[in-house]
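Hi,

Here is the structure I promised to hand over. Please open it alongside this note; what turned up follows below.

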Amino acid sequence: MITSGSIRQSITWLVVSISVLVSGFALLALSLLHINEVDAASEQRAQDIAKVIADVSSRYLLFEDAEGLTSYLRFFRSSSVVQHIHIYQRPTIENGEQLRYFTSYNREGLAPIPVRSPERIQNFGVVTKDNSIEVTAPIDIDTERLGTVYVRIGREFANQTTWRTFATSSAALIVVGLLAWLFSLRARATLLRPIEQAIGTIQRISRNRDYSIRLPESNLIELQQLSLSFNTLLARVEQHLERQQHAERQANELNAELERQVQQRTNALRDSNHELMETLEKLHQFQKQLIENQKMQSLGDLIAGVAHEINTPVGLVITSTSILQDKLELMQQKFAENTITRKDFERFMEASDENLSLIRRNIERTADLINQFRQLAMDQFVEEAQTTSALELLQTVLHAARQRFAKLNDLDVILNCPAELQVTTRVGPLQHVLKQLFENSALHAFAERESGQIEVAIERIDGNHVQIRYRDNGSGIPESVGRRAFDPFVTSRRRQGSTGLGLHLVYNLVTRALEGTIELESQAGQYTEFLLTIKA
């Protein structure tokens, strides 16, 4: 079951979610980079302290002045980071190569640490632990190794820096969330105001049945296209009503004239005349009712088709945003309870990516459907006729179609058209008609076939008309669909994304923009042929 939701809430959650996620990733990356820099600086400082101590200790080790070195090490009492210092002396060759303890320094308030083992002291380098940094460095004079220095440095500053960094990042993330929320309030007010105005206008039209009202223009392209298409529909309905009223007035005038003539008949025909008048009155009522029913049925089919085609992607977008909102609320709850795990975050990221991709695809699908509905208005095909080469026009359309539909590259396309044939027509609508026929062949006729043939032939039949024969040996059109092929929303591949507007648009272009006719002949499983006669 598709749950309904508010666009206002969707915009707010979308803006806040994206802003918080992007800001969170950026702040996390900056925090980790800063913490790594602080750790690296702490390790470098520990190495520098060990190097200074090693340089000074070399003189004391050379003269074996343990008391003097101990006195020197007391100067580190002013340092709050140095915790322990051990100096080890390398004995002479006669006494063996085993290091021995020489002297040490322990910061006041800290218990002395045990003497390091010779194996650990001989491994020079830096070891970073949770609360300290240990550095082991050699004590040399020129090329002679006199001993080893072991220094332990506290990491209180680095740990405090880490907590301050995360605290600052959290505060910044909260500020970003508040700013994103305020921005979403402004954005949704800007976006939804024209929609609310359009809804109010449509309700007023429906309530008053005043089809002369028009939707207001909008600065948003999508809403502007929707307004143009809907206003065109209203204009057609109003025009149809005017023609109907004119027809009714003419019928009434004809009836009045007929009554006047009948009144002049002889009394012998009075009874027959009375019966005839009753029959005409009933016929008029039936005719009026039939026209009204056809008009409302046509309008209802169009509105139902538009609503059905747009409702599916819009419903998927609403469902996806609702799922994404639930996922975000769950993550917020776990974050507040401090129970979030890496696996939870990975699942949240995967679900967010899938739902955002689904939202993007369905929004693009909705925009494409609206563009197709806009094409039915025919306004964009109003252009002046121009003279062009029929063969070059065919080649251009075929090249563009092959770039868009790779299936056409596997088919044998034959163009039968004299190179010298020139046509004077509206090029845009004719190109769109041919492109739509190639598209139908790629998506329908050869959807389940690896190879096939398409033949397009153009010839002039008189000084003002040319005939275009388009034929493919694909799967053909089922008889149930072929009878209504040019009606809107008729398709055999609705589950594969087809809207059933392609051939309806082709019919309108041929009969109105190109001032011609179109005929369809098809045999299921064998072929499909379109015969177009246009003014050129």
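Two strands count as paired if DSSP finds at least two bridges between them. Keep that in mind for the sheet. Also note that this is a predicted model.

The sheet

Five strands make up an open sheet. Their order is S7-S9-S10-S12-S11, and the pairing is mixed. Strand S7 (412-416) and strand S11 (517-523) are the edge strands, each pairing on one side only. From one strand to the next, the twist averages 10°.

S7 and strand S9 (residues 453-460) run parallel, joined by five bridges. There, Leu 415 stands opposite Val 456 in S9. In general, strands of a sheet pair through backbone hydrogen bonds, either parallel or antiparallel.

Helices on the sheet

Helix H8 (residues 390-404) lies across S7 and S9. H8 runs at about 165° to S7. Helix H11 (residues 502-513) also packs on the sheet, where H11 touches S11 and strand S12 (527-535). The direction of H11 makes about 145° with that of S11.

The surface patch

Which residues form a nonpolar patch on the surface? They are Leu 14, Ile 18, Val 22 and Leu 356. Together they have about 310 Å² of accessible area. Helix H1 (residues 7-62) gives the most to the patch, with three residues. Val 22 is found in H1. Is Val 22 buried or exposed? Val 22 is exposed, because its relative accessible area is 52% and exposed means over 50%.

Best wishes

Definitions and conventions: Residues numbered from 1 in each chain as written. Predicted model: local features only at pLDDT ≥ 70, side-chain atom pairs only at ≥ 80, totals over all residues. Heavy atoms only, no water. Patch = residues over 30% accessible without salt bridge, like charges linked within 9 Å, V, L, I, M, F, W, Y side chains within 5 Å. Areas by Shrake-Rupley, 256 points an atom, 1.4 Å probe, with all protein chains shown as cover. Salt bridge = Lys/Arg side-chain N within 4 Å of Asp/Glu carboxyl O. Helix = DSSP H or I, 4+ residues; strand = E, 2+ residues; numbered from the N terminus. Buried < 20%, exposed > 50% of the residue type's maximum accessible area, 1.4 Å probe, protein only. Axes fitted to C-alpha atoms, helices over the stretch in contact; angles between N-to-C directions. Contact = heavy atoms within 4.5 Å.
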